[in-house]
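Work through the exercises below with the coordinates open. Try each task before reading its solution.

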Amino acid sequence: MSYLETLLFGVYPYLAGAVFLLGSLARFDRDQFTWKAHSSQMLNKENMRLASNLFHVGILLLFAGHFIGLLTSPEIFHAFGVSAGAKQILAIVAGSIAGVMCFIGLTMLIKRRLTDPRVRATSSRMDIFILLLLYAQLILGLITIPVSLMHTDGHNMLNLMGWGRNIVTFDPIDAVASISQVGLLFKLHIFLGITVFLVFPFSRLVHIWSAPVTYPMRAYQVVRQR
């Protein structure tokens, strides 16, 4: 366990988490006008719906998979007869499908934002930066798939799960001990994932907090007639 690993995987997650929560709250309180995704669909609709759907569905599936996979105790999987190796294969298959969907959609969105003059003119530096950061994180995740296929005993999976659970239970020493046993590629993937949370409050990603998840449960509907 090195000092750098302790800093990056034992201290940095809590720093990023604090900025993620407090920064989001501060932005909502002080700058609500920017609390939106700044849609550019009206500037160029070509393939926008396809790209957006692929990206959003893919990234939501990836987030849910990582959240459940990292924070669920192995004993729960074992209770359902799922071994660490089987869970790793399941994660590889599901992650590959969602990752390819997200990769295609994000590639289309980045190409559109960088090459369309009107869309580029309305994009901030942070808009471009966060897309490229997500792109790098996604590519790293996809690269880990063939590496994981060479080690299907679930050893890496258990270490990554140990890191995630120890972080959320405020046990950074054991978290660093777990992450120190995985390869550099997985560490880079974790590091960039933490960085996404760090820059979250300063980007367009804040609109995730305002996702209309309660819309289908509304007791009324506004209907306007001409």
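Buried means under 20% relative accessible area, exposed means over 50%, and partly exposed lies in between (1.4 Å probe, protein chains only). This is a predicted model: local features need pLDDT of at least 70, side-chain atom pairs count only at pLDDT 80 or more, and totals for chains, interfaces and linings use all residues. Residues are numbered from 1 along each chain as its sequence is written, and side-chain values use heavy atoms, with hydrogens and water left out.

**Exercise 1. Gln-88**

Task: Classify Gln-88 as buried or exposed, and find what its side chain reaches.

Solution. 
Step 1. Gln-88 sits in helix α4 (residues 84-115). Helices (H or I, at least four residues) and strands (E, at least two) are DSSP runs, numbered from the N terminus.
Step 2. Apply the cut-off. The relative accessible area of Gln-88 is 3%, so Gln-88 is buried.
Step 3. Search for polar partners. A polar contact is a pair of N or O atoms within 3.5 Å; within protein, one must be able to donate a hydrogen and the other to accept it, and residues adjacent in sequence count only if both atoms are side-chain atoms. The side chain of Gln-88 reaches the backbone oxygen of Ser-148 at 3.1 Å. A polar atom of that side chain also lies 2.5 Å from the backbone oxygen of His-151.
Step 4. List the neighbours. Contact means heavy atoms within 4.5 Å. Leaving out residues up to four places away in sequence, Gln-88 touches Ser-148, His-151, Thr-152, Gly-154, His-155 and Met-157.

**Exercise 2. The chain as a whole**

Task: How many helices and strands does the chain have, and what share of its residues is buried?

Solution. 
Step 1. Count the elements. There are 9 helices and 0 strands. Along the sequence the pattern reads α-α-α-α-α-α-α-α-α.
Step 2. Take the buried share. Of 226 residues, 39% count as buried.
Step 3. Sort contacts by separation. Among those between residues at least 6 apart in sequence, 82% join residues at least 24 apart.
Step 4. Accessible areas come from the Shrake-Rupley method with a 1.4 Å probe; for residues, only the protein chains shown count as cover. The accessible surface of the chain is about 14,000 Å², and 69% of that belongs to carbon and sulfur atoms.

**Exercise 3. Salt bridges**

Task: How many salt bridges does the whole structure hold, and which parts of the chain do they link?

Solution. 
Step 1. Set the rule. A salt bridge is a side-chain nitrogen of Lys or Arg within 4 Å of a carboxyl oxygen of Asp or Glu.
Step 2. Search. The whole structure gives 2 salt bridges.
Step 3. Take Lys-187 and Glu-5. Their closest N and O atoms are 2.6 Å apart. Lys-187 is in helix α9 and Glu-5 in helix α1 (residues 3-30), so the pair links distant parts of the chain, 182 residues apart. Both residues are buried.
Step 4. Take Asp-127 and Arg-204. Their side chains meet in a salt bridge at 3.2 Å, N to O. Asp-127 is in helix α6 (residues 125-149) and Arg-204 in the segment after α9, 77 residues apart.
Step 5. Check burial. Asp-127 has 7% relative accessibility and counts as buried. Arg-204 is also buried, at 15%.

**Exercise 4. Aromatic pairs**

Solution. 
Step 1. Set the rule. Rings of Phe, Tyr and Trp (its six-membered ring) pair if their centres lie within 6.5 Å; planes under 30 degrees apart count as stacked, over 60 as edge-to-face and the rest as tilted.
Step 2. Count. The total is 6 aromatic pairs.
Step 3. Classify Phe-20 and Phe-197. Phe-20 lies in helix α1 and Phe-197 in helix α9, so the pair ties together parts 177 residues apart in sequence.
Step 4. Phe-20 is buried at 13% relative accessibility, whereas Phe-197 is partly exposed at 35%.
Step 5. Classify Phe-63 and Phe-67. Their ring centres are 6.2 Å apart and their planes lie at 25°, so this pair is stacked. Both are in helix α2, 4 residues apart, about one turn of the helix.
Step 6. Join the pairs. Phe-20, Phe-197 and Phe-200 are linked into a cluster by ring pairs.
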